[in-house]
Amino acid sequence: MKCLKDRLISGLLLLLSLALCFFSTQKFREQHKKETLFPSEGLASREMLSSYFPGLIDTPGDTEVYIYGGQNPGGNILILGGAHPNEPAGYVTAVILIENIQVSQGKIIVIPRANNSGFTHSEPQEGNLRGYSLETPGGKRFFRFGSRLTNPIHQWPDPTLYINPSGQKLSGQESRNLNRCYPGKPKGHLTEKIAFAIMEIIKKEKIDLAIDLHEAAPEYPVVNAIVFHENSAELASYSLMELQQIGFEFRLELSPNNLRGLSHREWGDHAQVMAILLETANPSQGRLKGKSSLSLIIEGKDRNYSKAAKFGLLFVPFDSEGIPVKLRVARHLAAIKILLSSFNELNPEKRIEVNHMPSSSQVKLKGIGQFLCPPYRK
Amino acid sequence: MFIVYHLIVFYLASHFIWYLFRENEFWKRVSVALVLIMFFLRLFLIK
Amino acid sequence: MSEAAIFLFMIATFALLAMVLKLPIGVSLVFSALAGSLLGGEGAALHHLVEGSFGYFDTILIIVTAMIFMKVLQESGILDTVTALLLKSFYRRKVALLLTVMALVMFPGMITGSSTTAVLSTGALVAPVLMKMGLSRVKTGALIAMGAILGMIAPPVNILVMIMGGGVDMPYVGFTFPLLIIVIPLAVSTSLWLGYKNIKIIEYNQMKEVLPESFFKNYGFRLYLPLIIVIGLLLGQSLMPGIIPDIGIPAIFLLGSFLGIFCGKPLNILKTTQKAIEESMPILCILVGVGMFIQIMTLTGARGWIVTSFLSFPPLLLYLGIATSMPLFGAVSAFGSASILGVPFILAMIDKNAILTSSALSAVAGLGDLMPPTALAGIFAAQVVGEANYFRVLRFCLMPALFELVIGMAVLLFAPLLDKLI
């Protein structure tokens with residue numbers, strides 16, 4: 001009799017375990033749904049990353065590539081958002097470009113979800129929210145807050161020690177960090193394949209200038225920065241002066257020669273393209289962050305960071321006003337705009353003309369939502 | 001390697017279930033049930 | 001509700017469940033995480049709890065598979081045979097024995113960067129030898145636990161430094177010498193401190209009496225095959241990347257276990273796996289619980305509050321903060337401590353040589369593997385020597401651990417001076 005009772009209890013516990021799985025599954029599954037983006041009328045074509053590298057076909061690493069312009073020859077620009085899906089300003093800036101710009105000369109290619117797999121999960125023990133909503137004139141638009149790394153259900157197990165395609169030794173989990181896997185490998189693991197596909201775009205589309213949009217924690221030294229490959233030194237310093245003139249302070253950081261696998265290093269080394277990486281300060285990805293909340297992601301307010309700033313622990317000013325995502329997006333937009341105009345001045349034979357790009361001052365004033373399509377547009 | 005690790009998870013999950021029915025102490029069985037949640041989720045490629 | 005109050009409430013719930021109601025530590029952690037989530041206004045937050053535990057999923061796989069491998073070694077007679085071999089070679093030389101044992105224990109840690117692997121692989125091999133030569137059960141455990149931690153810190157692979165380096169974009173280059181400065185004095189002093197007094201030089205006849213049965217005559221060289229393959233693969237994946245495939249630690253251990261079936265005394269692998277799972281279950285559940293606990297701490301802001309509080313200490317107290325918080329936070333895991341506290345600490349000392357700073361911090365963070373309730377190195381060392389109460393092993397780790405802390409802090413304080421010397 002005791003035996004039967006014991007089995008019953010074990011059976012119930014097994015059922016409980018399955019039930020808990022079932023109830024948490026729904027939340028985890030939801031994260032795989034992609035939010036719809038609404039490209040502007042300027043869109044020339046929408047490709048998949050796998051059309052540049054077939055090794056990505058039918059993999060979770062395949063992602064949309066939005067192409068603008070191309071009718072009139074000029075400069076070719078690549079803009080990458082969402083290489084780290086826990087850095088909202090990079091992703092949202094790419095989406096704003098997709099939903100607004102028109103290109104009359106040259107070509108702009110935007111990849112908003114560079115690490116598509118990273119958007120499908122969140123990092124254990126970081127306690128992040130699944131996403132955030134931005135108010136548009138026609139209602140709220142939801143955006144996913146993902147993980148810095150590729151989803152382990154897509155790429156697993158991590159090696160003990162990761163030696164990236166450029167030979168740098170890194171801790172194993174960095175094998176899932178897109179911005180450590182360049183220049184990628186066609187037969188490597190998923191993240192290396194994504195990196196390789198992005199290199200293929202750069203080469204096949206004859207990209208002249210490639211911009212990688214990122215964010216970093218406020219306690220991190222390379223923040224509010226333009227990181228540049230030596231190929232783009234002139235462009236970066238030229239742009240910095242112009243950005244300062246319109247009131248944006250940026251640090252200028254030369255891509256270190258011994259830090260391999262990052263976009264600003266390998267894009268320049270392997271494709272001779274002008275490579276730039278932009279960083280803004282995002283408290284929601286930092287180690288000091290307080291309670292996970294919408295206000296932390298959108299308003300960028302956090303008591304811990306205000307306190308840390310008073311003790312001189314941060315590399316950006318931080319007060320009770322926080323650093324809202326609209327300000328960070330505005331910084332990215334300002335930097336992109338000025339990088340493009342500097343590019344035009346330095347390369348008059350390869351001009352790029354972009355229209356309807358929201359200005360940073362307008363975004364700061366009106367908010368991001370004003371420049372996003374309402375959620376119901378077909 | 002992905003498949004090998006899947007098989008490892010499957011092998012271990014089956015053993016956990018077997019152990020769940022062998023063990024008599026209640027809280028130890030609760031421990032097994034808690035650990036099993038993760039193994040199921042990885043086995044079904046959910047998390 | 002302030003973050004501090006939520007954190008204290010979680011700790012109080014844990015203490016109540018674990019100490020008063022005597023629930024298993026892992027289960028208590030799970031319930032205290034749930035309590036914290038409810039109090040923090042997050043509801044039952046099931047998906048957060050589950051997500052938190054996944055932070056240790058890979059560690060759990062390593063632990064279970066390593067435990068299976070250990071059981072296979074025991075039951076197939078491989079462990080006895082190797083012990084006999086080692087005893088025969090070392091029974092007359094005290095210092096040589098201790099230093100070799102220390103190097104052996106450290107070795108897998110040096111290569112894999114994980115103290116657990118060290119304890120469970122070569123730690124398990126040397127334990128019977130040390131005990132046969134007169135070292136007490138608990139001191140043997142302490143020696144293995146400390147050796148494993150030193151192995152984790154020693155070059156060529158120090159994952160703690162890599163994690164910190166990842167947080168500040170510092171490549172893992174130029175660490176061999178600074179890490180050796182820290183590790184070598186510790187390895188020598190720890191092994192002699194724990195073992196010199198108690199290890200007895202024994203006569204050949206005495207040695208023969210304590211010698212476990214060797215099965216070499218029955219099975220020959222193939223007895224050593226599982227060990228050679230496991231150690232070879234563990235080494236190879238870091239030393240010869242690209243040539244030796246990196247199949248990951250769990251697969252290596254399982255492969256070794258599989259080979260073990262054919263290389264020694266016959267055994268039933270299914271039953272052996274069950275034994276391994278039975279023994280490792282408490283620690284598996286602790287890891288699940290700790291994962292959930294941290295997730296809720298982060299979600300409710302308690303983690304940020306703790307990190308910020310430590311960082312805002314004035315300069316002199318900052319060192320005190322490092323010396324206390326990093327080992328304490330290591331109770332969560334040494335890797336967690338390196339990531340959550342190590343990175344901000346390096347940044348707070350950005351004016352110093354980051355290679356020296358992170359090497360020293362890794363030595364301090366490594367001690368976290370001795371911090372209860374997780375105390376990975378302590379728990380497994382106790383298991384390897386057959387000691388039920390791991391606190392008795394930890395007691396003998398105290399002095400060597402304090403010495404490690406002193407050396408780590410000294411390197412940190414004198415970093416500017418050392419910087420000029422090297």
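**Sheet, core and a covered helix**

Tutor: In this predicted model, 8 strands of chain A form an open sheet with mixed pairing, in the order 1-2-5-3-10-13-11-12.

Student: What makes strand 1 and strand 12 of chain A stand at the edges?

Tutor: Strand 1 (43-48) and strand 12 (251-254) of chain A each have a single partner strand, so one side of each is left without a neighbour in the sheet. From one strand to the next, the twist averages 20°.

Student: How do you know that strand 11 and strand 13 of chain A are joined?

Tutor: Two strands pair if there are at least two bridges between them, and 4 bridges join strand 11 (residues 225-228) to strand 13 (residues 274-281) of chain A, which run antiparallel; these two strands therefore count as paired. Within strand 13 of chain A, Leu278(A) is the residue that stands opposite Ile226(A).

Student: Why is helix 9 of chain C called mostly covered?

Tutor: A residue is buried if 20 or more other C-beta atoms lie within 10 Å of its own, and 9 of the 10 residues of helix 9 (residues 159-168) of chain C are buried, among them Ile159(C), Met162(C) and Gly167(C). What covers these buried residues includes strand 9 (169-171) of chain A, together with helix 18 (334-348) and helix 19 (354-366) of chain C. Just after helix 9 of chain C, Asp169(C) takes a positive phi of about 55°.

Student: Which residues have the most contacts inside the largest nonpolar core?

Tutor: They are Ile79(A) and Ala145(C), in a core of 283 residues, and the largest share of this core, 16 residues, comes from helix 15 (residues 269-300) of chain C.

Key
Residues are numbered from 1 along each chain as its sequence is written. Chains are lettered from A and ligands numbered from 1 in the order in which they are written. This is a predicted model: local features need pLDDT of at least 70, side-chain atom pairs count only at pLDDT 80 or more; totals for chains, interfaces and linings use all residues. Axes are lines fitted to C-alpha atoms, for helices over the stretch in contact, and angles run from 0 to 180 degrees between N-to-C directions. A nonpolar core is a set of buried Ala, Val, Leu, Ile, Met, Phe, Trp, Tyr and Cys residues joined through C-beta atoms within 7 Å. A residue is buried if 20 or more other C-beta atoms lie within 10 Å of its own, exposed if 12 or fewer, and partly exposed in between; C-beta atoms are placed from the backbone. Two residues are in contact if their C-beta atoms, placed from the backbone, lie within 7 Å.
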